Amino acid sequence: MSTDSYLDLVKNRLSSLKAKFYFNHGEIDIIYSPTEFYETLKYKILKAEKRIFLASLYLGKTEDELVNCLEEALKNNPKLKVYFLVDGLRGTREAPSKCSATLLAQLLKDYEDRVDLRLYKTPAVVGWKESVIPKRFNEGLGLQHMKIYGFDDEVLLSGANLSSDYFTNRQDRYYLFKSKPFAEYYFQLHQLISKLSYKVIPSNNSQKFRLCWPKTNLADEPKYSKKTFIAQATEQLRNFLQGTYEAQQTTSREFHPTSDSPTIVYPISQFTPLFVTSHDYSTEKPTLLNVLSTITHPSINWTFTAGYFNMLPDIMRKLISTPSTNCTVITASPYANGFFKSKGVSSNLPGAYLHLSKKFLENVKRCGKESNIILREWQRGIVNQPGGWSYHAKGIWISDINEGDDRPLLTCIGSSNYTRRAYSSDLETNALILTTDRELRDNMKNELENLLKYTKPVNLNDFENEPERKVSFGVKIATAILGSKL
């Protein structure tokens, strides 16, 4: 199958998606390292003229420098507005001590008319659950997991959060899109979720902030009626994802192609907890499964990665069933897992993911694909020790080697870990990129090689022969019971 015919097949499969954007050469930059990611964030913040819109799981409690950078940008540009969205559980975990909410509330004191800070709380914690279930454990019920970093008419999508490890020694992925229509789409999405969230107001109480539910929000406060809130959220998100929301906006969802537009980008999102059970209009899961169904020729190969390896069974079945002959799965070594030697229950998580990796290899063997699919573990030193890194990258790349070219022509970048949790409990957004742009394909290959150079292959014999790969019976049982929360 030729590259053009394969891409045509994928485009045809994606024709039902309402949002797609065309990019010319040089309008998508790939960032390779955490430090470059951080420097880009600060540079773009200081250069922004109209708006900064940021969505993350949380802002690290030591990120005073980033807050000061935002404050400097606001001070230097009286027309600038800042919109911030974080998770309401993770972002207040340490309150009234330093946390995302207390750090960002500082900006509201001097710039309340130009800073909008929102905390999303999953409707799954409404009522007694929020007060009874301990902090950290209640985060298992659902989180705002999107990573959207927008500056004027550019937007950076990533899987990285805003904390020091993601800026120094935690490997992730980062794509900068330079397109006004694309940035406007993500600003609209950011605002839509913000208006289904609590607003932070500065206060003199012990926490230095309080939460309110503005009358301008798009749904009733969930604590009064969870059912009503979800019904109203369903309607708003359905309109947005299916395109009718755009009719009220000034920017078209589709940027019309020209002969010099070799790249198409499809935003895909997963908002399952905000939809009524019978009407989930999320676009991520069905789109990815649709794309994987196009891999019907041995020359079409794929690479999959997730730092937290708990692949959705539907995705796993699709990948293993492909006729591809040269495929790679990259996951974190236990020594590159962010929970390695952490305190409490979370210290068992590296073992849980190790157990899931072994189960994956067993499935590969059962299907007779051992020579076609290789599992590789990423390790760069030992996390939490000098020089040690952790691994948090996630994504899919697809290439066609039929014409002797192994550069990716398709990738998915964003917040999703491709787990059962991502498709049931959290809010996720990603971008699916199809391209014939030679330089972009070169950069996608460089990105992949940058990840692969710190990996080594792992097989079932390694699990049998290496004592450190033995997982306790208790962790195996817990993984089976709590797998949907990992």
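**Exercise 1. Which residue just after H8 takes a positive phi?**

The model is predicted: local features need pLDDT of at least 70, side-chain atom pairs count only at pLDDT 80 or more, and totals for chains, interfaces and linings use all residues. Residues are numbered from 1 along each chain as its sequence is written, and side-chain values use heavy atoms, with hydrogens and water left out.

Step 1. Locate the helix. Helices (H or I, at least four residues) and strands (E, at least two) are DSSP runs, numbered from the N terminus. H8 covers residues 226–241.

Step 2. Read the backbone just after H8. Gly-243 has a positive phi of about 100° there.

**Exercise 2. Describe the largest nonpolar core and the surroundings of Phe-182.**

Step 1. A nonpolar core is a set of buried Ala, Val, Leu, Ile, Met, Phe, Trp, Tyr and Cys residues joined through side-chain atoms within 4.5 Å.

Step 2. The largest such core has 53 residues, and Phe-177, Phe-182 and Ile-193 have the most contacts inside it. Helix H7 (residues 180–194) supplies the largest share of this core, seven residues.

Step 3. Leaving aside neighbours within four places in sequence, the contacts of Phe-182 include Phe-21, Val-155, Phe-177 and Ala-431.

Step 4. Another core, of 49 residues, lies apart from it; among its members are Leu-17, Phe-309, Cys-327 and Leu-434.

**Exercise 3. Determine how H9 and H10 are arranged.**

Step 1. Two packed helices are described by the angle between their axes and the distance between the axes. Axes are lines fitted to C-alpha atoms, for helices over the stretch in contact, and angles run from 0 to 180 degrees between N-to-C directions.

Step 2. The axes of H9 (residues 284–292) and H10 (residues 313–321) come within 9 Å and cross at roughly 10°. H9 is therefore roughly parallel to H10, since angles under 35 degrees count as roughly parallel, over 145 as roughly antiparallel, 65 to 115 as roughly perpendicular and the rest as oblique.

Step 3. Lys-285, Leu-289 and Leu-292 in H9 meet Asp-314, Ile-315, Lys-318 and Leu-319 in H10. These residues divide into four nonpolar, no polar and three charged. Ala, Val, Leu, Ile, Met, Phe, Trp, Tyr, Cys and Pro count as nonpolar, Asp, Glu, Lys and Arg as charged, and the others, Gly among them, as polar.

**Exercise 4. Is Tyr-418 buried or exposed?**

Step 1. Tyr-418 is placed in the loop between strand S18 (408–414) and strand S19 (428–435).

Step 2. Its phi is near 60°, a positive value in a residue other than glycine.

Step 3. Tyr-418 counts as buried because its relative accessibility is 0%.

Terms used: Contact means heavy atoms within 4.5 Å. Buried means under 20% relative accessible area, exposed over 50%, partly exposed in between (1.4 Å probe, protein chains only). The expected span of a helix is 1.5 Å times one less than its number of residues.
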